[in-house]
Each structure stands twice: as C-alpha cells, then as structure tokens.
Amino acid sequence: MNNAVAGFSKLSKEEKINWIANHYFSTPSEAVTLLKNYWNADEKIQKLHDEFIENTISNFYIPLGVAPNFLINGKYHTIPMAIEESSVVAAASKAAKFWSTRGGFKATVIDTEKIGQVHFIYKGDPSKLALFFSQLKSKLFDATENITKNMQKRGGGILDIILKDKTDLLDNYFQLHATFETKDSMGANFINSCLEVFAKTLKEEAHTFEQFSEEEKNIEVVMSILSNYVPNCIVRAEVSCPIEDLVEKHIENPQDFATKFIQAVQIAEVEPFRAVTHNKGIMNGVDAVVLATGNDFRAIEAGIHAYASKDGQYSSLSHAKIENGIFSFWMEIPLALGTVGGLTSLHPLVKLSLEMLEKPSAKELMQIVAVAGLAQNFAALRSLTTTGIQDGHMKMHLNNILNQFEANEEERLLTKKHFKHHVVSHSGVVDFLENLRK
C-alpha cells in the first residue's frame with residue numbers, strides 16, 4: 001500500500017480491523033479471526049482495554065506469573081511478574097528460595113524526590129533574571145496552591161524550585177528546576193500540571209518586571225515536563241551471609257564461588273559491553289514487576305540506565321564484596337513508582353497484583369521491585385559462574401521450540417526425556433523432532 005489513509009481514527013473498531021485485514025493480509029478472514037480470538041469474552045473488560053489507548057484492534061497477551069518465597073525485611077511475599085522471556089520467573093523464584101534460608105533480602109528507601117523542569121530561553125542579563133526569580137518563587141507556590149492542596153494533605157507537594165543557568169551548554173538556556181514529593185502516586189499528571197502553571201506565571205510576571213528590558217521581558221518557554229531521571233528517588237536492596245553459608249548443590253566451594261562472583265560483578269563495573277547485558281538481567285526482574293503493577297516500565301528503564309551512566313561511563317548497577325568473612329551483594333537504583341492512580345485503579349490484573357502484594361505503599365513497592373531485580377541478577381551471575389547461563393535457560397525455552405513446531409503430546413514426552421541428558425539447542429530439538437517424524 002502506497003497511499004495514506006484518511007479518517008482512520010474515526011472508523012469503528014470493526015471497520016479498522018477490516019481495513020487492516022484487506023490491505024495487508026493475503027487471507028483477510030484469518031487475520032480478522034486471529035485478532036478477535038484475543039478479545040476478552042467479557043464485553044465490559046474488553047471495552048476497558050479498548051479505551052486504554054487509541055486505535056485498539058485487539059489485546060496482546062503477556063504471561064502473568066508469580067515468584068514465591070521472597071523474604072523481604074522479615075516478611076514473605078509472592079511477587080507477580082508480567083514477562084514473556086523464558087526462565088526469568090523460575091530464576092527469580094530460585095534466588096528467592098536460596099536467600100530465604102540465609103536471612104532474606106533487606107531493602108531501604110533512601111529518598112523519594114521527583115523532578116520536573118520548565119525549559120526556557122532568556123536573552124538578557126543573568127543577574128536580573130536571578131533577582132526576578134527571587135521575587136517570583138513564592139508566586140509560583142501560590143499559583144499552584146489549588147493543584148497541590150490535596151497532595152499536601154497526604155504529605156506531598158512541591159519541595160523546592162530553583163533557577164538553573166544552563167548557558168554553558170546552550171545559548172540563552174535556563175531552567176526552573178522543581179522537586180516534588182508525590183507519596184503513593186506516580187505523580188506524572190500532578191507534576192506536569194504544576195509545571196505548566198509555573199511556565200504561565202513565569203511569562204506573565206516577566207512582562208511586569210520593571211528591571212527587564214523589552215527583550216528580556218519576552219521569555220520564551222520551550223517546554224514544561226517532568227523528568228524520568230530521578231537520582232534522588234533511590235531504593236537499596238541487598239543480601240549478605242557468611243561465605244560458608246553459600247554452599248548448595250552447584251556451589252561446593254563457597255570461597256571460590258564468592259571470589260568468582262565478585263569478579264563477574266567487577267567486570268560489569270568496568271566493561272560497558274558486559275554492563276549492558278548485566279543490567280538487562282536486572283531489568284528482567286524490575287520490568288516484570290513494574291508492568292504487573294501498572295507502572296511505566298519505559299520510564300523506569302530510561303531513568304535506571306541514565307543512573308548507570310551517572311559517573312561518566314555506563315557501569316554495573318549491582319556491587320559485591322567480601323568483608324570479614326561476609327559475602328555481600330547489593331544495588332541502589334532510582335524507582336519512581338505509584339500504587340494509586342493511572343492503571344493501578346483501572347486494570348483488573350494490576351489491581352489483583354497489588355492485592356497479592358497486600359496493597360503496598362509506593363515505598364514498599366519500590367523495595368519489592370528492587371529486590372526482584374537483585375534476585376534476578378544473583379540468579380544470572382550464579383548460573384554464569386557455575387553451570388553456565390544456557391543450561392537452565394534452554395531447558396525452559398524447550399517448550400517454546402516444541403510449540404513453534406506444533407509437537408504432539410507423544411513428541412513432547414520423548415523430546416523432554418531425551419534432552420534431560422543432552423544439551424538443549426534450537427537445532428538439536430529440530431533435528432530430534434525431524435527424526436521422530438520420519
């Protein structure tokens with residue numbers, strides 16, 4: 001198709017599906033059937049999902065699993081995880097069980113400060129702008145009072161507003177840099193609403209500031225938007241135990257294991273190519289819980305990866321050491337999460353996930369998410385430094401390969417029996433199935 005379509009958003013759901021099927025598929029009826037097979041049988045639930053985004057044609061399923069036995073700050077949790085990747089839930093569960101008998105995970109919220117900025121262009125004397133801002137600041141708080149009053153009742157609100165001179169980076173570029181506390185909400189709408197009022201007040205007040213020249217009065221607001229980089233909204237997750245307590249089936253020599261484990265972490269601290277994959281493993285755990293609880297995993301990803309680069313080079317998010325015979329493994333990451341508002345009060349499975357977690361506060365959810373990430377990282381590093389990552393992963397992936405080739409029940413049983421004692425690979429499974437079918 002080489003022509004644009006006009007008025008697509010105004011078509012009904014059925015009309016959109018038929019248009020897509022007829023324009024892009026050789027068998028339109030099959031495409032329509034497949035899309036409709038993924039609709040929810042409950043019309044009310046389907047309507048709810050249809051209205052989450054625009055131009056909805058169907059639902060895209062991701063499995064929702066659970067990882068039990070997470071002992072966090074002395075309390076057991078069963079953690080919901082929404083993810084499509086094989087072995088992630090199994091690895092998290094295995095790490096949770098391992099640490100549950102060694103004191104469990106400790107998690108601490110260090111700070112919960114969030115950030116928003118008004119980016120603007122000012123062509124004039126910076127000292128005049130500084131004087132102007134000193135008089136403007138209280139007016140910014142006053143102007144947003146109707147927005148912040150409910151948040152203030154919950155102990156949140158605007159923490160501070162500062163003027164930042166960024167002219168060393170870009171000609172005439174300045175910021176109003178504001179910090180916020182949003183308690184149990186993610187706070188995106190709250191922060192952005194405050195920022196837009198800041199921008200409006202900034203422009204209006206500049207026109208009446210007598211010390212500005214006519215050019216200086218014409219402040220140009222470029223944009224007003226929250227930042228997903230929240231380096232002061234930090235949670236720490238950690239585990240520790242005496243080295244000798246690390247013994248298990250695949251760890252016969254705990255001292256050697258601990259030493260090699262720390263070396264693996266140190267490589268990720270200094271080698272960006274390894275650090276990216278290392279941190280991706282952490283995000284397997286983090287994203288799965290963030291998604292299951294209706295939070296914005298894309299914002300979390302962006303903020304955490306920026307944090308991993310905060311010292312000038314992309315590096316490991318996790319760290320490990322041996323001190324006085326104690327093995328310690330920990331991580332600090334920025335997490336701006338919410339347990340009220342947005343999908344948390346709309347999506348039925350999000351509500352179920354939060355109830356499974358016993359309706360946590362935002363701080364409690366930060367701790368749970370960070371622990372899931374650390375557990376995933378521990379599981380990956382334990383495999384890498386002992387049996388190798390593919391041993392467990394490919395066995396979990398075996399079902400996907402069997403499904404891909406539509407193996408029947410007998411073929412499944414014979415294939416799984418065979419690969420109990422052989423290395424699982426895609427080509428190996430394909431060859432085995434082909435020989436069975438001859």
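The expected span of a helix is taken as 1.5 Å times one less than its number of residues. In the predicted model described here, this relation was applied to helix H13, which comprises the 23 residues 362-384. Of the 23 residues of H13, 18 are buried, so the helix is largely enclosed by the rest of the structure. Gln367 is located in this helix. With a relative accessible area of 17%, Gln367 is buried, because the cut-off for burial is under 20%. A polar atom of the Gln367 side chain lies 3.4 Å from the backbone oxygen of Ala107.

Strand E4, formed by residues 114-121, is likewise mostly covered, with eight of its eight residues buried. In a regular strand, side chains alternate between the two faces of the sheet. For E4, both faces are covered: Lys114, Gly116, Val118 and Phe120 are buried on one side, and Ile115, Gln117, His119 and Ile121 are buried on the other. The strand has two pairing relationships to be described. With strand E6 (residues 173-181), E4 pairs in the antiparallel sense over eight bridges; within this pairing, Ala178 of E6 is the bridge partner of Gly116. With strand E7 (residues 220-227), E4 pairs in the antiparallel sense over seven bridges, and Val221 of E7 stands opposite Phe120.

The structure contains 21 aromatic pairs. One of these joins Phe132 and Phe212, whose ring centres are 5.1 Å apart and whose planes make an angle of 55 degrees, a tilted arrangement. This pair links distant parts of the chain, the two residues being 80 residues apart: Phe132 belongs to helix H5 (residues 126-143), whereas Phe212 lies in the loop between helix H7 (188-206) and helix H8 (214-217). Both Phe132 and Phe212 are buried. Phe212 also pairs with Phe209; the ring centres are 4.8 Å apart and the planes stand at 75 degrees, so this pair is edge-to-face, the cut-off for that class being over 60 degrees. Phe209 has a relative accessibility of 8% and therefore counts as buried. The corresponding value for Phe212 is 5%, so Phe212 is also assigned as buried.

A further group of aromatic residues, consisting of Phe98, Trp99, Phe257, Phe261, Phe327, Phe329 and Phe378, forms one aromatic cluster. Phe98 from this cluster additionally has the charged end of Arg102 over its ring, at 3.6 Å from the ring centre. A charge is also placed over an aromatic ring at Tyr307, where Lys310 lies over the face at 4.3 Å from the ring centre.

Finally, the cysteines were considered. A disulfide is a covalent bond between the sulfur atoms of two cysteines. The structure holds zero disulfides. For Cys233, the closest cysteine sulfur is that of Cys194, at 16 Å, which is too far for a bond, because a disulfide requires sulfur atoms within 2.5 Å. Cys233 counts as buried, its relative accessibility being 1%. Cys241 is likewise buried, with a relative accessible area of 3%.

Notes:
Residues numbered from 1 in each chain as written. Predicted model: local features only at pLDDT ≥ 70, side-chain atom pairs only at ≥ 80, totals over all residues. Heavy atoms only, no water. Helix = DSSP H or I, 4+ residues; strand = E, 2+ residues; numbered from the N terminus. Buried < 20%, exposed > 50% of the residue type's maximum accessible area, 1.4 Å probe, protein only. Phe/Tyr/Trp six-rings, centres within 6.5 Å; stacked < 30°, edge-to-face > 60°. Lys NZ or Arg CZ within 6 Å of the ring centre and 35° of its normal. Pairing = 2+ DSSP bridges. Polar contact = N/O pair within 3.5 Å; in protein donor to acceptor, adjacent residues only side chain to side chain.
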